[in-house]
Amino acid sequence: SIYDVPRAGINIGDGCWGGHIIEYCDIFDTVKETGDHGSFNSWGRDRFWRPNNSEVEAVVKAVPEMPFFDMVKPTVLRNSRWRCDHGWDIDLDDGSSRYEITNNLCLNGGIKNREGFGRLVENNIMVGNTFHPHVWYHDSQDIFRKNIVFTPYRPIRVPRPWGREIDWNLLHTTGQTEPIPAQSLQSQSGRDANSLIADAMFLDPASGDYRVRADSPAMKLGFKNFPMDQFGVTDPKLKAIARTPVLPAVQGSTA
């Protein structure tokens, strides 16, 4: 459990050499004295990275494996709960590449992927927020699938169609009992052919349980429930004194 910090709860400064597994964390009340950051933040200023995207694309076209020279193994973020009220819950910045982000409950700031190559974002819940793809390369090979978002995506300078696979996502809208095609997502990503707008049917969000019912449209899209009671410290003495994040009210999408 990490909270009450001026900047990120966890930060990774560059690729060098990947292979980290970050799981079962409870990280909140972060970025309290700055901005443009997240509860998790990474910089990916590895050998391929340049401030100019066209230079990066030329370099990577000549040497396709270069984005993974420094990220030899994926860095994995999974099974954790994040809340940032002054930035993104998970913020992959400046070319962060080869991340696997799965089974995360994001309570406020959503997930941001800026630049970078080969990121997998799958089976996450972004309460009250969404996916923020920023300044992607034409051949990023990113995958964003089987996630639950609460609003349409918030892209900045992303060429369509996005990434390698953007599909099977659910845009949660309270009370939308009959699933309909997520045209708002399709028009943004140029993909999302199978994504839906529907009520996710959360079990007990008021108490922090964002698992979905067995008949949820999200399950039909391939989403899988993950435990909601394994975040943060586990020692009974620490659990007795550790704080937990403020839970947001569940609201519908603005689609």
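In this predicted model, the side chains of Asp142 and Arg119 meet in a salt bridge, with an N to O distance of 2.9 Å. Asp142 lies in the loop between strand E16 (131-134) and strand E17 (143-145), and Arg119 in the loop between strand E13 (111-114) and E14, so the pair ties together parts 23 residues apart in sequence. Both residues are buried. Other salt bridges share partners and form one network, which joins Arg45, Asp91, Asp93, Asp94, Lys112, Arg114 and Glu115.

The whole structure holds 18 salt bridges. One of them joins Arg243 and Asp29 through their side chains, at 2.4 Å from N to O. This pair links distant parts of the chain, 214 residues apart. Arg243 sits in the segment after helix H4 (236-241), and Asp29 in the loop between strand E5 (26-28) and E6. Arg243 has a relative accessibility of 35% and counts as partly exposed. Asp29, at 22%, is also partly exposed; the limit for a buried residue is under 20%.

A further salt bridge is formed by the side chains of Asp94 and Arg45, again with 2.4 Å from N to O. Here the two residues are 49 residues apart. Asp94 belongs to the loop between E10 and E11, whereas Arg45 belongs to the loop between E6 and helix H1 (53-62). Asp94 is buried, with a relative accessible area of 10%. Side chains of opposite charge can pair when their charged atoms come close.

Glu122 provides another polar case. This residue lies in strand E14 (residues 120-122). Its relative accessibility is 16%, so Glu122 counts as buried. The Glu122 side chain makes a polar contact of 2.7 Å with the side chain of Arg145. Beyond four places in sequence, Glu122 touches Ile101, Thr102, Asn103, Arg145, Lys146 and Asn147.

Strand E6 (residues 38-43) is mostly covered, with five of its six residues buried. Strand E2 (residues 10-12) runs parallel to E6 and is joined to it by three bridges. Within this pairing, Ile10 stands opposite Phe40. E6 also pairs with strand E10 (residues 88-93), in the parallel sense and over five bridges. There, Trp43 has Asp93 as its bridge partner.

Phe40 and Ile90 have the most contacts inside the largest nonpolar core, which has 29 residues. E2, E10 and strand E11 (99-102) each give two or more residues to this core. Another core, of 18 residues, lies apart from the largest one; among its members are Leu105, Val127, Tyr210 and Leu221. In soluble globular proteins, nonpolar side chains tend to be buried together.

An open sheet of nine strands has mixed pairing and the order E1-E5-E9-E12-E15-E18-E20-E22-E21. Strand E1 (2-3) and strand E21 (180-181) stand at the edges. Each has a single partner strand, so one side of each is left without a neighbour in the sheet. Within the sheet order, E9 (residues 81-82) and E12 (residues 105-106) pair in the parallel sense over two bridges. Arg81 has Leu105 in E12 as its bridge partner.

The structure holds zero disulfides. Cys106 is in none, and the nearest cysteine sulfur, that of Cys84, is 11 Å away. Cys106 is buried, with a relative accessible area of 0%. Cys16, by contrast, is partly exposed at 47% relative accessibility.

Key
Residues are numbered from 1 along each chain as its sequence is written. This is a predicted model: local features need pLDDT of at least 70, side-chain atom pairs count only at pLDDT 80 or more; totals for chains, interfaces and linings use all residues. Side-chain values use heavy atoms; hydrogens and water are left out. A disulfide is a pair of cysteine sulfur atoms within 2.5 Å. Buried means under 20% relative accessible area, exposed over 50%, partly exposed in between (1.4 Å probe, protein chains only). Helices (H or I, at least four residues) and strands (E, at least two) are DSSP runs, numbered from the N terminus. Two strands pair if DSSP finds at least two bridges between them. A nonpolar core is a set of buried Ala, Val, Leu, Ile, Met, Phe, Trp, Tyr and Cys residues joined through side-chain atoms within 4.5 Å. A polar contact is a pair of N or O atoms within 3.5 Å; within protein, one must be able to donate a hydrogen and the other to accept it, and residues adjacent in sequence count only if both atoms are side-chain atoms. Contact means heavy atoms within 4.5 Å. A salt bridge is a side-chain nitrogen of Lys or Arg within 4 Å of a carboxyl oxygen of Asp or Glu.
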